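Please read the following report alongside the sequence and the three-dimensional view, which are shown next.

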Amino acid sequence: MALAIILVLLVVGSVLFHFLSPWYLTPIASNWNYIDDTLTITFIVCGIVFVAINFFMAYCVYRYRYRKDRRAAYEPENKRMEWWLTVFTTVGVIAMLAPGLFVWAKYVEVPDNARLVEAVGQQWKWSYRYPGADGILGTVDIRHMDGRNPFGMNPDDPNGQDDVLVNGPEIHLPLGSPIKMLLRSKDVLHDFYVPQIRAKMDLVPGMITYFWFTPTRAGRYDVLCAELCGTGHYTMRSHMVLEEESAFNAWLATQPTFADTQAVKVASAGGSLAEQGRQVAESQGCIGCHSIDGSPSVGPTWKGLAGRTETLADGSTVVVDDEYLMESISVPNASIVAGYPPIMPPYQLDEGEMAALIAYLNSL
Ligand SMILES: [Cu+2]
């Protein structure tokens, strides 16, 4: 009897928890209401089955409890009950699968007028590329990738010169028009996921995968990696800002094109060495993990870094000088500061970039 009551209480508690819990889906910010509907249908089907099975179990536990004067009867077959179970199960499974197929058909059919945006994943950060005024993304190849060209842009492709490269921690997109997100990985499996968009897709090395959506609600949302991709997986984050077309265009205009990034490198002109270093830090995405105002982040803050005495993971101490900074940039895991995870990827900078970055670090 006690067991039967516990079972009933468990069911009632689960149902109450579902309706009273504050943890539910975040407000949707895209056109994918279908995905929410599919989730709801699955939830209802599973919920009904969960309640029915547990109540049935509680009933059986009570009804067929042990009694001295009663023996169990052996009944190996019950045709009628098997029919009922088969029919119910079939209807339930169809109710869960059919809407999914319907939504999937829409999910893979990208509208013709969708704008292209590319997200590039690597251990453990995101970067983004827009096609520029011509609407065409330039070709890329892994052979072109280096510290100067992290996207692997083909320098001889005229379509790529005006591509806008965002190596920072944010992607901006305009509200109201469909976006086709192209996904490319530089190393291992990743997964581009923004919970408010309700859409996600794996990044597979050697393939360009995609999905599409129409942003509908302005805001700043977390971009997550939803595929375990190594020790720094949890830090592989970014933000998606959805805003009005005009604000989006104003932001996009502040981002460098591929031609800009190459010109800066070649000329090395404009601004002090420290200012050039600030640009290197921005273009390499360093500020995604290191704050410059002393606030805590994934990695140690850069504020007051030069000359600071750091305690390393092995208990020894080191005074931060140029040599230590250089080592920490090119071989980050050689000396890890105590309290931080060993997750920074090595950066290959050329001599000029390294000198500029160190001048910038020393200036903070
Ligand atoms: Cu990842």
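Arg220 has Val241 as its bridge partner in strand E10, and E10 (residues 237-243) runs antiparallel to E9, to which six bridges join it. The model is a predicted one, in which local features need pLDDT of at least 70 and side-chain atom pairs count only at pLDDT 80 or more, while totals for chains, interfaces and linings use all residues. Residues are numbered from 1 along each chain as its sequence is written.

Strand E9 also pairs in the antiparallel sense with strand E6, over two bridges, and Phe192 has Cys225 of E9 as its bridge partner. Strands count as paired if DSSP finds at least two bridges between them; the strands (E, at least two residues) and helices (H or I, at least four) are DSSP runs, numbered from the N terminus.

| Strand | Residues |
|---|---|
| E6 | residues 190-194 |
| E9 | residues 219-225 |
| E10 | residues 237-243 |

The protein chain is assigned domain 1 (2-67 + 76-107), domain 2 (115-258) and domain 3 (268-363), with bounds that come from an automatic or database domain assignment. Between domain 2 and domain 3 the C-alpha centres lie 25 Å apart, and their contact takes 13 residues from domain 2 and 16 residues from domain 3, where contact requires C-beta atoms, placed from the backbone, to lie within 7 Å.

Helix H2 (residues 33-63) contains Tyr59. The C-alpha atoms of Tyr59 and Tyr34 are separated by 37 Å, with the two residues 25 residues apart along the chain.

Definitions and conventions
Contact = placed C-beta atoms within 7 Å.
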